[in-house]
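Trainee: I would like to learn how to read ring contacts in a protein model. Please show me the structure, and let us start.

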Amino acid sequence: MASSSSAWRRILVLPDDAPAEVQESGNTTKVAIGGTVVGAYRTLPRSLALVISAIGTPFENAADHVPKFPLLELLPPSAVQAGASTSISIADLWGVLYVLHTLHHVQENVPAVLSPTIANAAELETYLLHSGLARKRHTLLGDTSSARDPELFLLRETFWQGAGTVNFHMRGWLRGHAAFLAGAPFPYTQSFTRTPLVIAAHPLRPPKPRPGEVVYRKFWPNIGQMLEFTCVDLGGDGDDEVSEHLATFHRWHNSDHVNRGWGERGPIEKHRKYLRELIADPAVLPVMMSWDGELMGYAELVYIKENHVAPYVPGGAWDYDRGLHVLVGEQKFRGLNRSKAWFSAIHHCLFLQDSRTTRVIGEPKASNKQVIVLSEAVGMNVQTIFDFPYKRSVMTWLPRERFFKLDVLAYSEDAVPAAKL
């Protein structure tokens with residue numbers, strides 16, 4: 001750290017494990033990543049509103065319903081530290097934006113200007129506009145005046161959609177193979193699934209990450225820990241080896257609270273076979289979830305078209321609909337506050353993996369009030385009630401637009417009464 005001042009405050013930890021900290025001094029806030037000051041910002045004495053649909057109408061100058069937010073000036077490290085760089089790297093700028101969208105997460109956008117003292121300001125503006133992280137003020141067709149404006153609107157919803165990450169730097173929430181696949185949509189070609197429960201035509205699914213590979217990482221500031229999803233790893237093809245994932249999965253399913261919901265109690269051979277079948281299934285990604293590296297739960301991330309729930313979807317399942325089955329195995333990680341964090345993170349992960357995924361669908365038991373409360377707490381709605389041959393379920397939906405339009409970080413706040421999960 002450039003300074004040992006106690007005024008430095010950690011805001012978050014980036015997915016690459018670099019801590020992001022701020023230090024406030026008057027009207028200026030320094031931002032350090034990994035112990036190095038990478039930039040700063042200050043609040044200017046005016047506020048801006050991103051008015052869109054009212055432009056060109058009599059309401060253009062009277063759109064008081066559109067919120068205004070303070071304008072920030074982004075500064076280079078040299079503005080707050082003698083001898084420091086006059087430039088900001090693309091990866092560090094994304095880290096600064098992460099800090100801003102965390103501190104100002106209730107704002108739909110953060111109005112900002114790039115200081116002319118940033119040596120590579122033109123490069124950064126191009127990155128922000130071309131990636132979709134920012135936009136200029138809205139104008140009518142043919143009016144190009146906004147192109148000359150220095151003001152930018154840093155957009156919350158595009159930031160959380162992963163704009164400016166894949167193909168730009170390696171700091172994003174998707175990791176490894178998952179990040180690589182998100183770089184361009186997997187090309188469409190038809191495939192087919194035939195099982196005792198499913199007969200369906202659907203797109204060919206992309207190859208899955210390797211067992212043991214990290215898929216997604218996200219730090220939750222209100223919890224103070226890093227959430228991580230890792231592909232289930234059985235450790236090998238033999239029946240003698242028992243990996244940490246298999247041993248933990250087996251222990252969880254033989255606990256009363258997990259067995260009540262899943263009904264998969266049994267010997268380790270049963271659980272090895274269960275996971276092997278899922279690892280081999282191109283339509284299911286089984287992952288272990290952890291907080292700061294400590295295993296806490298398990299999830300199955302599925303494609304709905306190849307799932308037995310597909311015939312019950314009103315209007316039919318779409319090609320890139322995703323779904324999930326989840327459990328929390330460790331008692332100390334139960335409770336609504338943490339559950340809202342990892343549950344919304346699963347949806348975040350699914351939406352990031354493919355921009356063609358426009359909804360995530362759940363099908364909890366109609367009697368499982370805790371999961372229904374959790375689903376609604378992260379923005380899902382109960383779409384219908386239906387009967388499997390073996391249970392009555394509610395179908396929950398979360399549209400992509402709703403998820404990113406709302407405040408992603410607010411999903412982890414204790415906004416509804418606590419419930420045991």
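Trainee: Is W262 buried, partly exposed or exposed?

Mentor: Buried means under 20% relative accessible area, exposed over 50%, and partly exposed in between (1.4 Å probe, protein chains only). W262 has 21% relative accessibility, so W262 counts as partly exposed. Y298 is buried, at a relative accessible area of 0%.

Trainee: What should I know about the model itself?

Mentor: The model is predicted: local features need pLDDT of at least 70, side-chain atom pairs count only at pLDDT 80 or more, and totals for chains, interfaces and linings use all residues. Residues are numbered from 1 along each chain as its sequence is written, and side-chain values use heavy atoms, with hydrogens and water left out.

Trainee: How many aromatic pairs does a search of the whole structure find?

Mentor: A pair of aromatic rings is described by the distance of the centres and the angle of the planes. Rings of Phe, Tyr and Trp (its six-membered ring) pair if their centres lie within 6.5 Å; planes under 30 degrees apart are stacked, over 60 edge-to-face, the rest tilted. The search finds 22 pairs. One of them is W94 with W173, edge-to-face, 5.4 Å centre to centre and 70° between the planes. Both residues, W94 and W173, are buried. W262 and Y298 also form an edge-to-face pair: 5.9 Å between centres, 65° between planes.

Trainee: Which residues do ring pairs link into a cluster?

Mentor: W94, Y98, F159, W160 and W173.

Trainee: Which charge lies over the face of W220?

Mentor: The test is NZ of Lys or CZ of Arg within 6 Å of the ring centre and within 35 degrees of the ring normal. K218 lies over W220, at 3.5 Å from the ring centre. R338 lies over the face of W291, at 5.1 Å.
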